[in-house]
Amino acid sequence: MRRFSIAVLPGDGIGPEVTAEALKVLRATAELFGHQVEAREYAVGAAGVAESGDALPPRTRDAVTEADAVLLGAVGDPALAAAEGNCRPEAGLLALRKLLGVYANLRPVAVHPALAHASPLRPERLEGVDLLIVRELTGGLYYGEPRSLGRDSAVNTLRYTVPEIERVARVAFRAAAERRGAVTSVDKANVLEVSQLWRETVARIGAEEFPEVALEHLYVDFAAMRLVADPARIDVLLTENLFGDILSDEAAVLCGSLGLLPSASIGDGSGLFEPVHGSAPDIAGRGVANPIGAIASAALLLRYGLRLPEAAAVVDRAVAAVLAAGVRSADIARAGEPTATTREIGDEVARRVLGGQPAEPALRGR
Ligand code: NAD
């Protein structure tokens, strides 16, 4: 029997509530497919500060590097808003990403037909939207040196090396090869030298290593328009750190609620899988949080962390079936529609996973 060790970091606010449901679904897939999941919980964020005075305690550091994958809830606590250094909950997340060396952030955005009403776009624009944003996470303007803030001027540096571009490009091409086979690489090569290097490098990796994947290049301004005007045309959108930060939030709006969105951060070691939302202190402890972003993050963990695409596809289909059956948390319900609790939604997804069949070949790796 195959065994996988998962470090579970529930974190703060609604983090523990949604992570419990994601774990429930992971256990259901283990039962269906006959593998073993060893999941142990560790503190991060404000919970880490409470445990050891550090948002990423030493015990957690050791566990995440040894695990096959890391499942995270969310961090953040208004009571620590003024805290500094390692006592800031959000510092735990940055330290975790650095420790794991995760350089590619993956954010799938799919619009379920039953939830088209929750999107600001017209339903006909949303038909067939199923895209994946691959954002470079550890380079570019956010980390470039020198950087400084003076009285009359300020400096930030945009620098990418060829190996940094190559490794994230490979993540995007590999993902596209398992999806619809198309990469849209986004840059500003008409203005920026760094973008020219980006474009050349992505084109070379595509031609040499992934000739079966179609590649197009878009300027970032046009890509921003494509995301709202014709998002269904995009399969995998690959871009650098700053552009990816902006475009992934723009794409997030398409599906209507933050609570639905998962993410994966991948490097050469264990990956980090977490919903896009924060700790939502305004609704924490009430059992009303939407667990679907966390459950879909567990599906990404299966697909990209443990390389179990069939198990991932079963989870994705179970989530789609639950939404199609009209099960709704408060953030995605129409006025007057009955709502389900966080736990009820997790139970419904897990039940459908257990009743599920291994994925059709056509669905594998989607
Ligand atoms: P947030 O994502 O926590 O909440 C924004 C809004 O969306 C709130 O109204 C919240 O109730 C709602 N929401 C979020 N997730 C939901 C879900 N699963 N179901 C239903 N509704 C949901 O963002 P915020 O309020 O700006 O930040 C709160 C705290 O979270 C802050 O401390 C912030 O630093 C932290 N944060 C952490 C992460 C992370 O852990 N990755 C990301 C963003 C913010």
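User: Before we start, what makes two strands a pair here?
Analyst: Two strands pair if DSSP finds at least two bridges between them. Keep in mind this is a predicted model.

User: Fine. Which residue stands opposite Thr-184?
Analyst: That's Glu-216, in strand 9. Strand 8, residues 182–187, pairs with strand 9 in the parallel sense, over 6 bridges.

User: And what's the strand order in the sheet they belong to?
Analyst: The order is 2-1-3-12-11-4-5-10-8-9, an open sheet of 10 strands with mixed pairing.

User: Why is one side of strand 2 and of strand 9 left without a neighbour?
Analyst: Strand 2 (36–41) and strand 9 (214–219) are at the edges and have a single partner strand each, so one side of each has no neighbour in the sheet. From one strand to the next, the twist averages 20°.

User: Which strands does helix 4 touch?
Analyst: Helix 4 (residues 89–100) packs on the sheet against strand 1 (3–11), strand 3 (69–74) and strand 12 (271–275). Its direction makes about 150° with that of strand 12.

User: Switching topic: how is the chain divided into domains?
Analyst: Domain 1 covers 1–108 + 257–366, and domain 2 covers 120–255. Their centres, taken over C-alpha atoms, are 24 Å apart.

User: How much area do domain 1 and domain 2 bury between them?
Analyst: About 1700 Å², with 56% of it on carbon and sulfur atoms.

User: How many salt bridges between the two domains?
Analyst: The count is 2, plus 7 residue pairs in polar contact.

Definitions and conventions
Residues are numbered from 1 along each chain as its sequence is written. This is a predicted model: local features need pLDDT of at least 70, side-chain atom pairs count only at pLDDT 80 or more; totals for chains, interfaces and linings use all residues. Side-chain values use heavy atoms; hydrogens and water are left out. Helices (H or I, at least four residues) and strands (E, at least two) are DSSP runs, numbered from the N terminus. Axes are lines fitted to C-alpha atoms, for helices over the stretch in contact, and angles run from 0 to 180 degrees between N-to-C directions. Contact means heavy atoms within 4.5 Å. Domain bounds come from an automatic or database domain assignment. Buried area is the accessible area (1.4 Å probe) that two parts lose on being put together, summed over both. A salt bridge is a side-chain nitrogen of Lys or Arg within 4 Å of a carboxyl oxygen of Asp or Glu. A polar contact is a pair of N or O atoms within 3.5 Å; within protein, one must be able to donate a hydrogen and the other to accept it, and residues adjacent in sequence count only if both atoms are side-chain atoms.
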